[in-house]
Amino acid sequence: MAGGVFLLNGAGAPDYGGALTVPVVVTCLMAASGGLIFGYDIGISGGVSEMESFLKKFFPGLLKTTRHASKDVYCMYNDQALTAFTSSLYAFGMVGTLVASRVTRRVGRKAIMVIGGSMFLVGSLVNAAAANLAMLIVGRMLLGLGLGFSGQATPVYLAEMSPPRWRGGFISAFPLFISVGYLVANLINYGTSRIPEWGWRLSLGLAAVPAAVMVLGAVLITDTPSSLVLRGKHDHARAALQRVRGKGVDVDAEFGDILAAVEHDRRNQEGAFRRILWREYRPYLVMAVAFPVFLNLTGVTVSAFFSPILFRTIGFGSDAALMGAIILGLMNIGGIIASGVAMDRYGRKLLFAIGGALMFTCQVAMASIAGTHLGHGSKMPKGYAVAVLVLTCVFSASFSWSWGALYWTIPGEIYPVEVRSAGQGTAVALNLGLNFVQAQCFLAMLCSLKYGVFVFYACWLVVMTAFAMALVPETKGVPLDSMGHVFARHWYWGRFVKDHKFGNEST
């Protein structure tokens, strides 16, 4: 709050006030625009894989199979070369994240976002000009490196720049832009699917637009105060903090906490990746692993990749399948907006509880319908197919409301500065690595498990919801540099975390 006075919030951590200012809103929105490239690629990959001109050029054997085969409808799209088109991006995204985590302390969050957007821009142009499968995969590799860099830096940037009481809403702008990118990609696919021969090139090439937006936004914004202090630029750091908090606001208390956190980091000069393995950082390591694992086990990632294929499997035509994916995009946006409004008012745990219950219900219902009305050599009756579409939409909105938003929010805000790059890097790298595994295996899983794939994900939803309710502390309104206080008071994590800020140590 102005005048340097801060209060203790309900968690016992200082509250600096954090009034919204035009600079902080503009800065955070420009940074969050990096989410466009994530969403655009997810949407484009699934839609382009449905275009006959694309399949004819790169996967002619699969095209013949889908036209003439009478085999199980669950298996008609099971082609490892096709899934490699999608999954190669995420393998290199994992590599990019780990590299970015190593260098971000030296070059800053802003530079990492610029590099990530630039690589994605080049990759999109290579894909648009692809003459063979090898060139297509090279383009996907560049896109993956770009995603890895931007995914590592952007959520941390938003967490470090946002006022504490509005942090959840600002970080949720990143998944909101992911959802917008996904929707735009499906709208473009819907239009370019009507362009013979080269429509797929337009879809892939237009990925350069969100990449350019990200690069421009990253160039124009300032780096975060924490990142600047880590590099010894104290005057620039204070000026950056003053700029986003507003003229006339006393930032002494907040800046002092940033300096103290960085000084603690320098007194412990072990590498961040080595340090996060220490016992006192055990909760942060668990969160860095659990969040991406559970995110992928919701089943939403593969549904987003392959939703047009999934809708065709249950009986929709090609255009109707793409339109279904567009509807999913709209539901994603609605869920993210609702989450952004609710998480800073009602807390994170309520979102986990509601989202988990709805997603579980939808997965069980879809398994029941698919098990009864979709079988060998048949397509689902239209009424039931529409019911699956509705359930998929509710599932998508519930995911966006809960894990879709909170996956980026909570890992982005909980790590102490000394392990922040390692924690976020581990979470994003593991997520992209699991994206690779799932993208490569989902169609084979669908072929093997059939409707049981929905039951598989439903079981995991029970586990992850219980984990979130029992082991994820409530972080609503807590300043970044006071997160240790919250973990130290947690019923379980308190046995690991030393509260350096307040001088306490839980037993």
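Q: Let's begin with cysteines: how far is the sulfur of C362 from the closest cysteine sulfur, and in which residue is that one?
A: The distance is 9.7 Å, and the closest sulfur is in C393, so the two are too far apart for a bond. Before we go on, this is a predicted model, where local features need pLDDT of at least 70, side-chain atom pairs count only at pLDDT 80 or more, and totals for chains, interfaces and linings use all residues. Residues are numbered from 1 along each chain as its sequence is written, and side-chain values use heavy atoms, with hydrogens and water left out.

Q: OK, and how many disulfides turn up in the whole structure?
A: The search finds 0. A disulfide here is a pair of cysteine sulfur atoms within 2.5 Å.

Q: Is C362 buried or exposed?
A: C362 has a relative accessible area of 4%, so it counts as buried. The cut-offs are under 20% relative accessible area for buried, over 50% for exposed, and partly exposed in between, with a 1.4 Å probe and protein chains only. C459 is partly exposed, at 48%.

Q: Switching topic: what does the secondary structure come to?
A: The protein has 23 helices and 4 strands. Those are DSSP runs numbered from the N terminus: helices are H or I with at least four residues, strands are E with at least two.

Q: And how much of the protein is buried?
A: Buried residues are 59% of the 507 residues.

Q: Now the charged pairs. How many salt bridges are there?
A: The whole structure has 9. The rule is a side-chain nitrogen of Lys or Arg within 4 Å of a carboxyl oxygen of Asp or Glu.

Q: Which residue does D41 pair with?
A: D41 forms a salt bridge with R140, at 2.7 Å from N to O. D41 is in helix α2 (residues 35–48) and R140 in helix α7 (residues 133–161), so this pair ties together parts 99 residues apart in sequence. D41 is buried at 4% relative accessible area, and R140 is buried at 0%.

Q: What about E160, which residue does its side chain meet?
A: That would be R420, in a salt bridge of 2.8 Å, N to O. The pair links distant parts of the chain, with E160 in helix α7 and R420 in helix α21 (residues 420–449), 260 residues apart. Both E160 and R420 are buried.

Q: And R167, where does its partner sit?
A: R167 bridges to E413, with the closest N and O atoms 2.7 Å apart. R167 is in helix α8 (residues 167–171) and E413 is in helix α20, 246 residues away. Salt bridges with shared partners also join R167, D344, R348 and E413 into one network.

Q: On to packing. Which residues touch the most other members of the largest nonpolar core?
A: F54 and W403 do, in a core of 108 residues. Helix α20 gives the most to this core, with 14 residues. A nonpolar core is a set of buried Ala, Val, Leu, Ile, Met, Phe, Trp, Tyr and Cys residues joined through side-chain atoms within 4.5 Å.

Q: What does F54 touch?
A: Leaving out residues up to four places away in sequence, F54 touches V48, S49, F59, F85, L136 and W200. Contact means heavy atoms within 4.5 Å.

Q: And S53, what is that one in contact with?
A: Apart from neighbours within four places in sequence, S53 contacts E197 and W200. S53 is in helix α3 (residues 52–58) and is buried, at 18% relative accessibility.
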